[in-house]
Amino acid sequence: MERISFTELPKGMFERLRDIENFIDGSSVNPKLLKLVKLRVSQINGCAYCLDMHTKELKHLGETDLRLSLLMAWEESNCFDAREMATLRYAEALTQIDRYPLPDEIFNALEDHFNTTEISFLSLAITQINTWNRLMKAFRFEAGNYQVQQ
């Protein structure tokens, strides 16, 4: 059961977060890669609502069942290319941030695949999905009902 319903949220709260999503979506970062990152971060955070959403969105974008199944163990599979692996490693490190600095080797690996602007957008996307995950878990929005926009 929801703790706080969508209609009870402060006016403009989700709209502002949606504005950030639109800003990220307007970047040159591949939309499928962004959704893959969102799904992986949502797996780490155990956010059922976001897992439902991003799985459905990735399937809509043509993602395979095999890659979706192996995302939890992406480092052990051969389904992800070097660009995706560098991004997933960065997403995991930034999501599981602690009091120690983010390792240079994780950040620097991104530079082989992305420019500074794209790394900035990836960083924002990772922090944004962490925000969504935490809000969905706090408010207990119900998973399973998300419909992909056509």
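Reader: Hi! Before we start, what does "buried" mean here?

Author: Hello! A residue is buried when its relative accessible area is under 20%, and exposed when that area is over 50%, with partly exposed in between. Please keep in mind that this is a predicted model.

Reader: Thanks. So is Glu 84 buried or exposed?

Author: Glu 84 has a relative accessible area of 9%, so Glu 84 is buried. This residue lies in helix H5.

Reader: And which residues does Glu 84 touch?

Author: Leaving out residues up to four places away in sequence, Glu 84 touches Leu 33, Leu 36, Arg 67 and Cys 79. Two of those, Leu 33 and Leu 36, are themselves buried residues of H2.

Reader: Let's go to H2, then. How many of its residues are buried?

Author: Twelve of the 15 are, so H2 is largely enclosed by the rest of the structure. Among the buried ones are Val 37, Leu 39, Val 41 and Asn 45.

Reader: What do they pack against?

Author: The buried residues of H2 pack against helices H1 (13-25), H3 (48-60), H4 (65-70), H5 (82-95) and H7 (116-139).

Reader: How far apart are the ends of H2?

Author: The end C-alpha atoms of H2 are 21 Å apart. That agrees with the span its 15 residues, 31-45, should have at 1.5 Å a residue, which is 21 Å.

Reader: What goes on at the two ends of H2?

Author: At the start, a side-chain oxygen of Asn 30 comes to within 2.7 Å of the backbone nitrogen of Lys 32. Just after the helix, Gly 46 has a positive phi of about 65°.

Reader: Nice. And which glycine follows H3?

Author: Gly 62 does, and its phi is positive, near 95°. H3 itself has 13 residues and reaches 18 Å from first C-alpha to last, close to the expected 18 Å.

Reader: Which H3 residues are buried, and what covers them?

Author: Cys 50, Asp 52, Met 53, His 54, Glu 57 and Leu 58 are the buried ones. Their cover includes H2, H4 and H7.

Reader: Changing topic: how many residues are in the largest nonpolar core?

Author: That core has 30 residues, and those with the most contacts inside it are Phe 14, Ile 126, Trp 132 and Met 136. The elements that give two or more residues to this core are H1, H2, H5, helix H6 (104-110) and H7. H7 gives the most, with ten residues.

Reader: What does Met 136 touch?

Author: Not counting residues up to four places away in sequence, Met 136 touches Phe 14, Cys 47, Tyr 49, Cys 50 and Phe 141. Apart from that core lies another, of nine residues, among them Leu 36, Leu 58, Leu 68 and Leu 88.

Reader: How about Thr 95, buried or exposed?

Author: Thr 95 counts as buried, because its relative accessibility is 9%. It is found in helix H5.

Reader: What is its polar partner?

Author: The side chain of Thr 95 makes a polar contact with the side chain of Asn 130, at 3.0 Å. Beyond residues up to four places away in sequence, Thr 95 also touches Val 41, Ile 44, Asn 45, Ile 126 and Arg 134.

Reader: Tell me about that arginine. Where is Arg 134?

Author: Arg 134 lies in helix H7. At a relative accessible area of 44%, Arg 134 is partly exposed. Aside from neighbours within four places in sequence, Arg 134 is in contact with Asn 45 and Thr 95.

Reader: And Leu 124, what does that one touch?

Author: Leu 124 touches Ile 20, Phe 23 and Ile 24, not counting residues up to four places away in sequence. The C-alpha atoms of Leu 124 and Phe 23 are separated by 9.8 Å, though the two residues are 101 residues apart along the chain. Leu 124 is in helix H7 and is partly exposed, with a relative accessible area of 27%.

Reader: Last one: which residues are closest to the centre of the largest pocket?

Author: About 720 Å³ of space lies in that pocket. Of its 28 lining residues, Arg 18, Tyr 49, Met 53, Glu 57 and Tyr 146 are the closest to the centre. The elements giving two or more residues to the lining are H1, H2, H3 and H7.

Methods:
Residues are numbered from 1 along each chain as its sequence is written. This is a predicted model: local features need pLDDT of at least 70, side-chain atom pairs count only at pLDDT 80 or more; totals for chains, interfaces and linings use all residues. Side-chain values use heavy atoms; hydrogens and water are left out. Helices (H or I, at least four residues) and strands (E, at least two) are DSSP runs, numbered from the N terminus. The expected span of a helix is 1.5 Å times one less than its number of residues. Buried means under 20% relative accessible area, exposed over 50%, partly exposed in between (1.4 Å probe, protein chains only). Contact means heavy atoms within 4.5 Å. A polar contact is a pair of N or O atoms within 3.5 Å; within protein, one must be able to donate a hydrogen and the other to accept it, and residues adjacent in sequence count only if both atoms are side-chain atoms. A nonpolar core is a set of buried Ala, Val, Leu, Ile, Met, Phe, Trp, Tyr and Cys residues joined through side-chain atoms within 4.5 Å. On a 1 Å grid over the protein atoms alone, a cavity is a set of points where a 1.4 Å probe fits but cannot get out, and a pocket is an open set with protein on both sides within 12 Å along at least five of seven lines; lining residues have an atom within 4 Å of a point. Grid points are joined across faces, edges and corners, and a volume is the space filled by probe spheres set on the points.
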